[in-house]
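Visitor: I am new to reading protein structures, and I would like to go through this one slowly with you. Could you show it to me?

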Amino acid sequence: MAQRAAPLMWSYSLQWCLPRRPCPCPRELLARHTRPGAPIPPTILDAWKRYQPQGDRVSLDSRQSETVRHGSA
């Protein structure tokens, strides 16, 4: 059975970023997965504009999805 890595994806998220202050909400408020090179999704940008003064940041991570197995049965 051959193994092939799934495509690389980017993950934009809105996260709490003040380590010395307690987080008033979940540490990660919102996350969206996109193809590499895609701009910030509008939902992330709109949420950042709403929460930014409170100590949140937009984070970008590149993640390899789980390995996809292909083969004959």
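Guide: A polar contact, meaning a pair of N or O atoms within 3.5 Å where, within protein, one must be able to donate a hydrogen and the other to accept it, and where residues adjacent in sequence count only if both atoms are side-chain atoms, joins the side chains of Q15 and S13 at 3.0 Å. This is a predicted model, in which local features need pLDDT of at least 70 and side-chain atom pairs count only at pLDDT 80 or more, while totals for chains, interfaces and linings use all residues. Residues are numbered from 1 along each chain as its sequence is written, and side-chain values use heavy atoms, with hydrogens and water left out.

Visitor: Is Q15 buried or exposed?

Guide: Buried means under 20% relative accessible area, exposed over 50%, and partly exposed in between, with a 1.4 Å probe and protein chains only. Because the relative accessible area of Q15 is 10%, the residue counts as buried.

Visitor: Where is P19 placed?

Guide: P19 counts as exposed, since its relative accessibility is 74%. From P19 to G55 there are 36 residues in sequence and 9.7 Å in space, C-alpha to C-alpha. As for its place, P19 is in the loop between β2 and β3 (28-34).

Visitor: In which helix does L45 lie?

Guide: At 33% relative accessibility, L45 counts as partly exposed. Helices are DSSP runs (H or I, at least four residues), numbered from the N terminus. The one in which L45 lies covers residues 42-51 and is α1.

Conventions:
Helices (H or I, at least four residues) and strands (E, at least two) are DSSP runs, numbered from the N terminus.
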